[in-house]
Every structure is written in C-alpha cells, then in structure tokens.
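Let's take a walk through a protein model together. Have a look at the picture first, and then we'll go through it piece by piece.

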Amino acid sequence: MPTILSELSGIEARNERYMSLHVLTKLFIPFSIALSILFASDLYSALTLVFVALALIVAAGIPLSSIKRYVVVIGSLTSFIAISLFLFARIPGKVLFEACLVRFEAEKGVFEWKLYITDNAVMYASVFVSRIFAMVLSAMLLLGTITDREIVWGLRSLGLPFGASIAVSLFFRGIRLFVSDFLSIREAMTARGVDFARESLIKKFALYSHALIPLLALMITRSYEVSLALETRGITPQSKAKVVYHRYGFSRLDAALMLLFSVLTSLYALGWMI
Amino acid sequence: MSRERKVSWIHVVTFAFATAISYVLGVVSSLIFPVLGAPGVSALYVAAAIYVPLGVWMGMWGALAGYVSCFFLGLYPSGYSVIQSAVWSWADFIEALVPAVLFRLAVKDPDFAVRRPKAAKLMPLLVSLGTALLLVGIVVQVLWGAAYGEPFTTIYVYSVYAGLALSVAGILTGLLVGDAKTWGVYVVSVILASVFSGLWGAGTLTIVNFPPPLPKEAFWPVLVGWVIGDLIVLSTIGTALVVALTELFKRTGLYVEGWWA
Amino acid sequence: MSVMEVRDLWWKYRGGGDYVLRGVNLSVREREFLVIMGRSGAGKTTLLLALNGVIPKRLPGEFRGAISLLGRDTSSLDVAEIANYVATVFEDPEIQFVMSTVEDEIVLGLEALGLSEDEIRERIEWSLELVGLGRKFLERNPYQLSGGEKQRVAIASALARRPRILLLDEPTSDLDPKGKKEVVDAIRRLREELDITVVMVEHDPDLVYEFADRVVVLARGKVVASGDPADVLGDPSLRGEGVFPPQVLEVARALSLNHGVKSEEDLVDRIRSKGFSVKGEEKIERGESGKIVVSCEGVKHVYEGGIEALRSVNFQLRLGELVALVGPNGSGKSTLAKIIAGLLKPTSGRVVIEGLPIDRYDRMTLSSLVGYVYQNPDHQIFNQTVFDEVAFGLRLRGLGEHEIRRRVRSALETFGLLGKEEEHPFFLSKGERRRLALASIYVLNPRVLIVDEPTTGQDMIFNRALFDLLKRVSKENRSVLVITHSLNLAYAYADRMVIIKDGRILAEGRPCEIALRDNVLREANLNAPPVSRVYRRLVPESTSVPITVKDFIERVSVAP
C-alpha cells in the first residue's frame with residue numbers, strides 16, 4: 001500500500017513490521033520527535049534527536065538515499081541561517097571572523113554592516129541546523145510510514161463523517177490527476193507552437209499562468225462529475241457509519257513504543273525546564 | 001421543489017481538488033521561485049492564486065484549502081515538523097479568509113466583468129509596487145531608521161509616501177476596472193490578505209512556533225519576500241482567475257453565498 | 001408493475017437558456033430493460049439525474065412535475081434514501097472512484113447500510129464475481145485498471161448495495177473494444193442472474209438491440225418515440241434523433257427479412273433459407289497514392305520505468321488520405337501520434353516530415369505543419385472566448401489582427417461555430433468544445449492533422465458529421481490521422497486502417513482488406529463489421545467483403 005511519501009515522491013518504506021504498527025503509533029512517533037525539537041536548546045540534545053529520527057527511518061525501511069531529496073532544503077536553510085546570524089545579528093562571543101561590508105556616517109552615528117562570526121554564533125547556527133535536520137527527518141518518517149488509506153479509515157474510526165475521509169482521499173487522488181492535467185495542458189500549448197525552453201522568464205510565467213485557467217475549468221468539471229457520482233452512493237458529507245470492515249488492532253508493541261516516545265518527550269521537556 | 005442550502009458533495013469535492021491543485025502549485029512555486037533559506041516560501045507563490053480566489057468563490061472552503069495545502073507543503077518538501085506545519089499553515093488560511101470575509105460582508109453577488117481593460121492591466125502594477133515600496137520603507141525605518149536617522153529616515157519617508165500614493169492610485173484604478181464595489185473590495189482584499197498572511201507566515205517561521213525553524217533575524221527579509229510575492233501573484237494571476245472563472249462558479253452552482261454553503 | 005413514474009417533468013438548469021426536459025412522461029416497469037436513446041443534448045443524462053433524485057435536490061434550476069419511486073413521491077425522499085433503491089453507473093468510470101483500492105471503493109457504500117463485516121465481505125465477493133472480476137482485484141488501485149475493469153468495478157460497487165433499479169449512463173462509450181466487450185458481458189450476466197430493473201442510456205444500436213425490452217427516444221427534452229427495439233431502431237424518421245438500426249436489422253429490413261432477425265446467425269439463416277445470389281466481387285483498386293508527408297522508420301519509444309510503448313514501428317502518412325489508427329488501450333497509438341507531432345522524442349528511429357528529419361524543425365514550424373487535437377478538448381482550451389481560442393495560435397505567430405479575424409471566421413464557419421465568438425468555451429456543449437479544439441488547430445493550416453479519439457461520448461449524427469468533415473479536410477491535400485475506437489466509422493470512412501497492438505503494427509490496408517484479416521482482428525480484440533461477418537458466412541471463399549450496409553445490399557440479392 002503506497003505511503004503518502006511514495007505517492008508524492010516515490011520513496012517507499014519497506015519494513016513490514018514497522019508498517020504493521022497502528023496508525024496512531026506511526027503518527028505519534030514523529031509527533032513526539034517534533035515536540036521534542038521544541039525543547040532541544042543545545043547541540044547535543046538536537047543531535048540526539050537527529051540520530052533517533054535516523055534510526056527510526058532505517059527501522060521503517062525508508063532508504064537513506066531519499067534524504068537527498070531534502071538536500072536542497074537543508075542546504076538552503078543552513079545558508080540562510082548562517083547569513084541571518086552572521087550578517088544580521090551580532091551574537092557576542094569570541095570573534096572568529098569579522099569584516100566590514102558597508103560603513104558610513106549616518107545622522108545619529110556610524111552605520112556599519114559587518115560580517116560578524118563568533119563561536120557562539122556558530123554554535124547557535126549549529127543548533128538551528130541540527131533541529132532543522134531532526135525536523136526534516138521527522139516529516140520524512142511521518143509521510144513515509146502513513147498511507148493515505150490509513151488516514152482515511154483513521155478519520156472514519158474517529159467518528160468523523162464521510163465528508164472528511166473522502167475529502168482526504170480525493171486530495172491524494174487529485175494530486176496525481178492534476179499533475180497529469182497540467183502536463184497535458186502544457187503539452188497542448190507546445191502543440192500549438194509554444195516553446196517553453198526558449199521563452200523568457202516573464203513570458204514563461206505568463207504562459208504558465210494561462211495554463212491555470214483550463215486547469216481550474218477542468219477542476220470544476222471534475223468536481224461536478226465526481227460529486228454527482230457521490231450523491232448517488234447513498235452517503236452524504238454529514239453522514240457517519242460505524243467502521244466495521246477496517247479495524248486496526250492495537251498491539252503491545254504499539255503501547256510500548258508510545259510509552260517510550262512519551263518518555264523521550266517528557267525528558268526533553270524536563271531538561272528544557274531545568 | 002427547491003434545492004436545500006447545505007454542505008453537499010460538490011463543496012467537499014471541489015475543496016479537495018482545489019487543495020490538491022494548490023499543493024502541487026505550492027511545491028512547484030517553492031522549487032522554481034524559492035526564497036533562499038525559507039523552504040516553502042516562494043517569491044511567487046502561485047498556489048495563492050488558487051485558494052485566495054476560492055475564498056471569494058466558496059468562502060471558508062478556500063481558507064481550508066489554503067491551510068491544508070500549506071500544511072502538506074510544510075511536511076513535503078519543506079521538511080517542517082507536523083507541529084510547525086500546523087502552526088505555520090494558518091498563514092494561508094488567513095490569506096483566503098480575508099477575501100472570504102470581505103466579500104460575504106460587503107459584496108453578495110460579485111461582478112468581475114472587466115469594462116476598462118487598460119485599468120485592469122495597470123492596477124496590479126500600481127498595487128504591487130505601491131505596497132512593496134510601503135513595506136520596504138517601513139522595514140528600513142524599523143531596522144535602521146530609528147537607530148541611525150538619516151539617510152534611512154529619508155528613504156523611509158519617500159518610500160512610504162510613494163508607496164501610499166501608488167497603492168491609493170492602484171485602489172482607485174481598481175475601482176475603474178468594472179463594478180466599483182466588487183473591484184474595490186477585491187483590491188483591498190488582495191492587499192490585506194498578503195500583509196496579514198505575511199505577518200503570520202514570517203512570524204511563525206522566525207519568531208513564534210514550536211520552535212520557529214529560522215532565527216528571528218530572518219523575519220524582515222522573509223516578510224518582505226512573502227508580501228511582495230503574494231501581491232504580485234494575487235494582483236496578476238489571481239485577478240485573471242477571478243475574471244475568467246467567477247461566472248463559471250456561479251453558473252455551475254459552486255458559488256457559495258454563505259460561509260460553507 | 002411500475003417501479004418508477006415520471007409525470008410531466010420539466011427541468012431547466014440555472015443559467016441555462018431553455019428547458020432541457022419538457023414535459024417528459026415515462027413509466028418504468030419492474031424488471032424491464034429500458035434503453036433511452038437520442039442525440040447528445042437531448043436530455044438523456046438529465047433524465048437519469050432526475051430518476052436518481054440528484055435533480056432537483058442537488059442541482060440549481062427550475063423543476064416542475066413529479067417522480068415517484070416504488071409508489072412514493074421522490075420529493076419527500078432525500079437523495080441518499082433514493083440511493084437505497086436506485087444505483088447509478090456513469091459514463092466515465094474514473095469519476096466514480098474516490099478511494100485507493102477496489103475493496104474500499106465497494107465498502108464505502110456498504111458500511112452506510114449498517115451491514116456486519118461478514119455481510120459486507122459476502123457482498124463484495126458476490127458483486128465482483130457477478131461482473132467477472134475476482135478477489136485478486138480487491139487490493140488493486142482502481143485508477144490503474146484497464147477501462148473495462150474500471151467500469152466493471154463501478155458496476156460492482158453499484159450492485160453491492162442490491163438496488164432495485166440500476167441506471168447506466170452510456171457505460172461503454174469511453175472504452176476500447178475489449179473493455180466494451182467485458183462490460184457488455186457483465187451486463188449480460190447481471191441481466192440473466194438478477195431480478196433488477198435497468199434503465200440504460202446508449203447510442204450503440206448493437207447493444208440496444210441485444211438488451212432492450214423497450215426503447216424510448218428523447219429529442220429536445222421530449223419523448224418522441226417509445227416501443228419495441230426493432231420498431232424504434234428501424235424507424236427511418238428517427239434517424240435525425242441519432243437512432244440508427246444495427247447493421248443486422250438494417251440489412252434484414254432492406255431485404256424484407258424483418259421478422260425474428262435478432263442476430264447475425266438469424267440473418268445468415270434467413271438469407272440462406274430464402275436463397276441468395278452474389279453480384280460479383282468488388283476488385284480492390286489500388287488508387288493513386290498521394291505524396292508521403294510523414295515517414296517513421298524503426299521508431300522505438302520506451303517510457304521512464306522501462307515501458308516499451310513502441311517497438312520499431314515503420315509507418316507512413318500520405319497527403320489526401322484519412323488514416324484510422326485502431327487498437328486496444330495501451331497499444332501505442334497516442335505515443336506514435338505524439339512522436340509524429342514532435343511532442344515526444346523517440347528513443348530510437350527516424351521521423352521525417354516533408355522530407356526533413358523532425359529534429360530540424362523548431363517548435364513553431366512543426367506545430368504549423370502537424371496539428372494535434374487532444375482527446376479531451378478541455379486540455380487544449382486556454383482562453384475565455386471562442387474567438388480568442390481559435391486566434392491563440394495565430395497570435396503566437398505574430399499575425400496581424402485583420403488576417404487573424406479573417407482566418408478565425410473561416411475556421412469557425414468550417415466547424416459550425418459562427419455566432420459563438422464571444423461565448424466562454426466552458427459553456428459550450430462537449431461536442432462544440434471538440435469542434436472548437438479542432439478549429440483552433442485547423443486554423444493553423446497544418447498539412448497533417450492528428451485527432452485523438454474525437455467521437456467519445458458523442459451521438460452517431462455528430463460522429464458521422466465529424467468524420468465527413470475530416471474526410472473533406474483530408475481531400476484538401478492534407479493528411480488526417482484519426483485515433484479511434486469507433487470501428488464502424490473507421491471502416492466506413494478511412495482510406496486506410498492501421499492496427500496496432502503492444503507497440504507493433506499488426507496490419508494496415510484498406511478497410512475491406514482489414515475486415516478479412518481474422519487472426520489480426522482477433523489478436524487486437526477487434527471485429528469486422530457485422531455485414532462483413534455475415535457476408536463471409538454466406539460466401540466463405542470471398543476475397544473482398546462489404547463494409548457498409550449499402551455495399552452488402554449492392555452485392556447480395558435475395559430471392560423474393
């Protein structure tokens with residue numbers, strides 16, 4: 001059963017044991033890491049979370065090579081953090097590097113804009129980057145281990161009406177559908193003579209924007225047709241029904257893991273408070 | 001026999017599909033036009049052109065579409081944790097909520113017919129440029145003007161006056177495009193939506209979140225990039241879509257006069 | 001006993017100009033198989049939506065009249081309550097799927113009935129079995145099934161709720177011949193095994209003739225005919241309403257053999273019993289060939305993931321011909337067409353357009369030479385007025401507004417869209433949007449026109465008019481390549497037919513030659529026209545066969 005991440009990006013979790021955990025457990029674990037990130041204020045606690053998340057990703061059977069999809073994100077964040085802290089802040093500490101970029105006399109004093117790198121700024125940046133890494137891994141874990149089917153049936157078993165669960169299901173179906181529509185529309189523009197590779201950025205922007213009109217018109221047509229079909233299935237968005245067919249069992253392993261990660265988050269919270 | 005006005009499948013399905021489109025466009029925008037260092041933040045966030053008009057057309061469904069699409073964008077490919085995404089995504093909820101509220105309170109039956117095409121072409125330029133100048137001026141004053149005085153104060157003053165003048169001109173030009181009430185409310189919605197969502201978005205990325213993924217020093221650059229980007233997208237693409245598709249939404253019965261139905 | 005009664009039903013969609021249903025009176029009897037026919041836009045689907053309660057409860061508009069279901073006025077019932085008795089299967093199977101597996105799709109409607117887990121399981125298996133699908137389909141993603149499988153899953157989902165009445169809206173029109181056969185077999189099975197009333201909207205006279213107990217014809221929102229299938233289908237005054245007889249019936253009537261002829265076997269027996277003679281076989285003339293405008297040599301295409309869509313295909317298009325490209329879904333038809341249009345690059349092989357390799361052309365020039373019309377016209381409509389849509393390509397080429405106006409007007413005239421210049425394309429009918437898509441490509445004056453599945457969901461009159469038009473276009477010294485599942489039209493209109501399967505061309509030739517190639521047709525899940533099959537049973541040693549009823553009547557005479 002494809003997970004959300006595999007639907008979006010082709011990355012698939014392969015460990016059946018992990019995948020057979022209750023959906024609540026699979027939701028709780030990344031959630032607890034995300035919550036723990038909140039309390040990680042030093043490098044070691046942040047790095048510990050990184051390792052925990054990595055270990056879980058390996059345990060779930062998500063290929064580590066899939067992290068490369070986030071390399072741009074992590075790289076970009078790291079650069080931005082460094083720029084923010086070294087160019088726009090003056091964090092006290094032992095100065096490792098200093099360079100004046102702009103300097104002039106302003107009305108109320110000398111305006112200086114400096115590149116100012118101290119040991120504390122580097123440490124601060126490292127903590128940020130580690131937290132981001134832990135955060136990215138927790139997001140990967142969440143998406144890589146939950147299937148859209150589990151979300152759909154999970155919402156039903158929470159007693160939410162059909163409207164909620166079907167909306168979620170259609171959201172995932174819709175992603176594929178509209179990517180395919182967008183590509184068809186783009187191709188149809190090419191068939192009419194548009195050469196996207198040769199157009200300027202502004203013209204490309206205008207053309208892609210042009211493509212949104214048929215995309216939305218198609219969305220309206222599809223919505224109309226799908227909703228007509230749904231109307232005839234004997235269910236309304238407000239109706240609810242007891243889930244009798246898909247029941248996910250809660251095992252001892254689920255209980256143990258939820259306890260373990262609750263303890264982890266509690267320890268982080270305590271450490272933060274102390 | 002009359003049709004009952006309650007939430008039906010057409011609302012749910014349209015919301016789900018619009019959210020899917022918004023998500024796909026959000027991913028594409030943030031990859032093609034990124035704001036360096038702020039994943040998920042795009043210099044030209046085309047997805048806003050979907051859910052903000054959806055707020056005009058379908059009220060709260062547009063706001064919900066903004067929230068959900070941003071939530072998933074936060075998870076993948078931006079890599080924010082589920083809590084951070086859950087907090088951050090209210091930015092896009094607010095962005096679509098603004099026009100949803102303004103239209104439901106002020107314009108029950110919007111008429112986006114364009115009677116003066118030249119005004120329609122000029123309006124986005126004036127609004128975007130004006131608001132951008134205003135914002136830049138304010139940022140300059142906050143960051144440097146208060147502490148250093150001149151020349152930052154002068155830059156601030158000129159930017160703010162020029163920005164205000166252009167924004168007001170943009171609003172007035174907007175009134176000339178067609179039905180004054182519809183277009184007036186729309187232009188104001190675009191400006192307010194961009195600013196409010198920018199404040200929340202930049203704020204929850206840098207100042208307040210669990211935890212904020214970026215340092216607080218990044219607030220102003222993220223805010224400026226966010227607001228200007230949204231203004232450009234909403235005043236150009238968003239406008240084109242409301243002009244092209246409002247009648248479609250009305251004639252197919254998709255247009256929601258209330259908040260949900 | 002009547003299960004549904006419609007009395008003086010009037011319906012107008014909000015924003016629509018006129019009433020779509022005008023005083024419809026209809027009675028549906030228990031266990032009957034009722035077929036509703038009529039031209040596109042006659043109100044057939046609208047009538048079905050009224051029968052299942054969606055109109056007027058979910059769609060905005062003006063409603064007058066009354067509908068009763070099993071003796072109860074439907075105005076007092078919610079759509080969900082009506083759905084306990086009436087199930088609907090729509091033309092496009094994909095719009096009926098909202099879940100990620102076949103199992104979940106069927107379960108969706110069943111849990112709402114308050115059934116136990118065992119009952120649900122039993123119904124899932126029963127309904128899948130009934131439509132010829134087994135347990136192995138349970139975990140499959142419905143979007144990844146073939147067309148025929150998708151539609152059968154949709155039928156299974158509908159039947160699992162054990163409705164009293166099943167509404168089928170053109171259940172086979174979106175399908176290739178194989179898929180169509182699968183669905184027809186499923187309908188046949190449910191007809192035999194279930195005590196169910198069926199109301200089906202259908203254009204295909206062969207299907208109608210096989211299944212219908214009664215046929216009702218709608219025209220401009222009114223019932224204009226109702227009765228026995230043979231009488232209604234054979235009524236020449238209903239041709240204008242898109243009602244055509246199946247070839248078997250048409251031949252039977254032309255030869256005054258009407259009574260009791262229900263199938264090809266019956267027709268063959270009757271002709272034999274009467275005695276017949278054949279007026280000499282038509283020689284297949286090799287007409288003058290036009291100049292080769294497209295040449296594909298050894299073209300191969302492998303998609304990402306290793307899917308081999310085309311395997312070393314050699315193919316040519318000549319000016320002045322209409323070529324029909326036929327084959328099952330996934331056979332490579334669209335891939336080949338897109339490679340010729342330059343929208344896909346072949347993995348290997350050569351494509352030559354007007355003597356030059358295709359990669360020597362820039363995008364603009366190539367798109368002016370080879371026009372491609374998509375199966376879904378909505379994929380290629382980008383503008384807000386009909387005029388702008390047709391002008392789009394011309395504006396891209398920098399033509400002056402005066403020239404643009406002239407050419408757009410001419411194209412609109414050719415495709416019957418004059419007067420609609422300022423209309424929003426979205427508000428055109430599907431047939432009009434299809435013509436708009438054609439016009440917007442035709443206006444660029446391409447030498448080669450490729451049209452992908454233009455007849456899906458359209459009535460016979462529209463389809464014949466479209467093929468007439470395409471034939472005329474081909475005679476303007478152009479080449480027209482049509483991808484189609486409508487075999488009867490391909491046989492009737494094409495100068496040449498090309499059969500493709502699994503990325504290989506199995507056969508090509510004139511329709512009358514193709515109709516003789518039993519092995520090829522069988523391999524590609526295609527059929528020769530009924531008249532060809534009947535003729536071959538009468539004249540087993542024939543070397544050429546009639547393709548149309550007219551051909552058949554000219555060749556075969558029956559003793560009085």
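Predicted model: local features only at pLDDT ≥ 70, side-chain atom pairs only at ≥ 80, totals over all residues.

Residues are numbered from 1 along each chain as its sequence is written, while chains are lettered from A and ligands numbered from 1 in the order in which they are written.

Let's start with a sheet in chain C. Six strands line up in the order E6-E7-E8-E3-E9-E10, making an open sheet with mixed pairing. (Strands, E, are DSSP runs of at least two residues, helices, H or I, of at least four, and both are numbered from the N terminus; two strands pair if DSSP finds at least two bridges between them.) At the edges sit E6 (86-89) and E10 (222-227) of chain C, each pairing on one side only. Inside the sheet, E7 (residues 165-169) and E8 (residues 197-201) of chain C run parallel and are joined by five bridges.

The axes of H4 (residues 102-111) and H5 (residues 117-130) of chain C come within 10 Å and cross at roughly 125 degrees. Axes here are lines fitted to C-alpha atoms, for helices over the stretch in contact, and angles run from 0 to 180 degrees between N-to-C directions. H4(C) and H5(C) are therefore oblique to each other, since angles under 35 degrees count as roughly parallel, over 145 as roughly antiparallel, 65 to 115 as roughly perpendicular and the rest as oblique.

What about the backbone? Most residues other than glycine have a negative phi, and most peptide bonds are trans. Still, a cis peptide bond joins Glu150(B) and Pro151(B), with omega about 0 degrees. Pro151(B) is in the loop between H6 (117-148) and H7 (152-177) of chain B. Another cis bond, with omega about 5 degrees, connects Ile55(C) to Pro56(C), and Pro56(C) lies in helix H2 (residues 54-57) of chain C.

Finally, is Glu453(C) buried or exposed? Glu453(C) is buried, with 20 other C-beta atoms within 10 Å; the cut-offs are 20 or more for buried, 12 or fewer for exposed, and partly exposed in between, with C-beta atoms placed from the backbone. Its phi is near 50 degrees, a positive value in a residue other than glycine.
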